[in-house]
Amino acid sequence: PMSPLFGQAAPKGNAWPVPTNPRYTVPERAVTPLSNVMGYSNYYEFTNRKPDVEPLAEAQAEYFDPDTWEISVSGLVQEEKTITAAQLIDEFAIEERVYRHRCVEAWSITVPWAGFPMSKLVAWANPLETARFIEFESWWDPQVGTTPT
């Protein structure tokens, strides 16, 4: 890559704003306004009524405490690990990528995403050579989310 910014990221941890990775941009499209992104969304874990998504998502964000949410790594790994979300964020350099999402419902959005590459997480998990797949198991609590209607 020719860009002098290639490979730059924030220092490890929760440092904002984070630099944009120049390999992941969408120069031909403007970033979609947040009000459009939050107002037209298919977060069915919250509701299937699109106008209700934003307030429900905001309420869930207040519930999320990265110091208490734990992530476990188990299975075909060198050593099983449990780490909080905050510790996991501190483990990696965070970067921003801009992506264009195209939906089968004939709409698209261009949005920034901040995080770390999946390859970094896999390397950190230290899988055995015999491992062939990664399984993500999510958590759902009916007292926290709503049931789609």
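Predicted model: local features only at pLDDT ≥ 70, side-chain atom pairs only at ≥ 80, totals over all residues.
The protein chain has 149 residues, of which 24% count as buried. It contains 4 helices and 4 strands, arranged along the sequence as α-α-β-β-α-β-β-α.

**Overall figures**

- The accessible surface of the protein chain is about 10,800 Å², and carbon and sulfur atoms hold 56% of that area.
- Among contacts in the protein chain with a separation of 6 or more, 53% are between residues 24 or more positions apart.

**Helix 4**

- Helix 4 spans residues 118–125, and its buried residues are Leu121, Trp124 and Ala125. These residues lie on the same side of helix 4 because they cover an arc of only 100° around the axis.
- Ser119 and Ala123 are exposed on the other side of helix 4.
- The packing partners of the buried residues of helix 4 are strand 1 (70–73), strand 2 (81–84) and helix 3 (85–91).
- Asparagine 126 follows helix 4 and has a positive phi, near 55°.

**Nonpolar core**

- The largest nonpolar core has 11 residues: Val18, Val73, Val77, Ile83, Leu88, Phe92, Ile94, Phe116, Leu121, Trp124 and Ala125. Helix 4 supplies the largest share of this core, with 3 residues.
- In soluble globular proteins, nonpolar side chains tend to be buried together.

**Aromatic pairs**

- The whole structure holds 4 aromatic pairs. Phenylalanine 92 and phenylalanine 116 form a stacked pair, with 4.2 Å centre to centre and 20° between the planes.
- This pair links distant parts of the chain, 24 residues apart: phenylalanine 92 is in the loop between helix 3 and strand 3 (95–102), and phenylalanine 116 is in the loop between strand 4 and helix 4.
- Both partners are buried: the relative accessible area is 7% for phenylalanine 92 and 17% for phenylalanine 116.
- Phenylalanine 92 also pairs with tryptophan 124; the ring centres are 6.5 Å apart and the planes are at 75°, so this pair is edge-to-face. The pair again links distant parts of the chain, with phenylalanine 92 in the loop between helix 3 and strand 3 and tryptophan 124 in helix 4, 32 residues apart.
- Tryptophan 124 counts as buried, at 16% relative accessibility.
- Elsewhere, Tyr24, Tyr99 and Trp113 are linked into a cluster by ring pairs.

**Charges over rings**

- Lysine 81 places its charged end over the ring of tryptophan 124, 4.2 Å from the ring centre.
- Arginine 97 lies over the face of tyrosine 24, at 3.8 Å from the ring centre.

**Two strand residues**

- Proline 112 is in strand 4 (residues 108–115). Its relative accessible area is 42%, so proline 112 is partly exposed.
- Leaving aside neighbours within four places in sequence, proline 112 is in contact with Val31, Glu96, Arg97 and Val98.
- The C-alpha atoms of proline 112 and valine 26 are separated by 9.8 Å, although the two residues are 86 residues apart along the chain.
- Threonine 84 is in strand 2. Threonine 84 counts as buried because its relative accessible area is 13%, which is under the 20% limit.
- Leaving aside neighbours within four places in sequence, threonine 84 is in contact with Pro66, Asp67, Trp69, Glu70 and Ile71.

Technical notes
Residues numbered from 1 in each chain as written. Heavy atoms only, no water. Buried < 20%, exposed > 50% of the residue type's maximum accessible area, 1.4 Å probe, protein only. Contact = heavy atoms within 4.5 Å. Areas by Shrake-Rupley, 256 points an atom, 1.4 Å probe, with all protein chains shown as cover. Arc of directions from axis to C-beta. Core = buried A, V, L, I, M, F, W, Y, C linked by side-chain atoms within 4.5 Å. Phe/Tyr/Trp six-rings, centres within 6.5 Å; stacked < 30°, edge-to-face > 60°. Lys NZ or Arg CZ within 6 Å of the ring centre and 35° of its normal.
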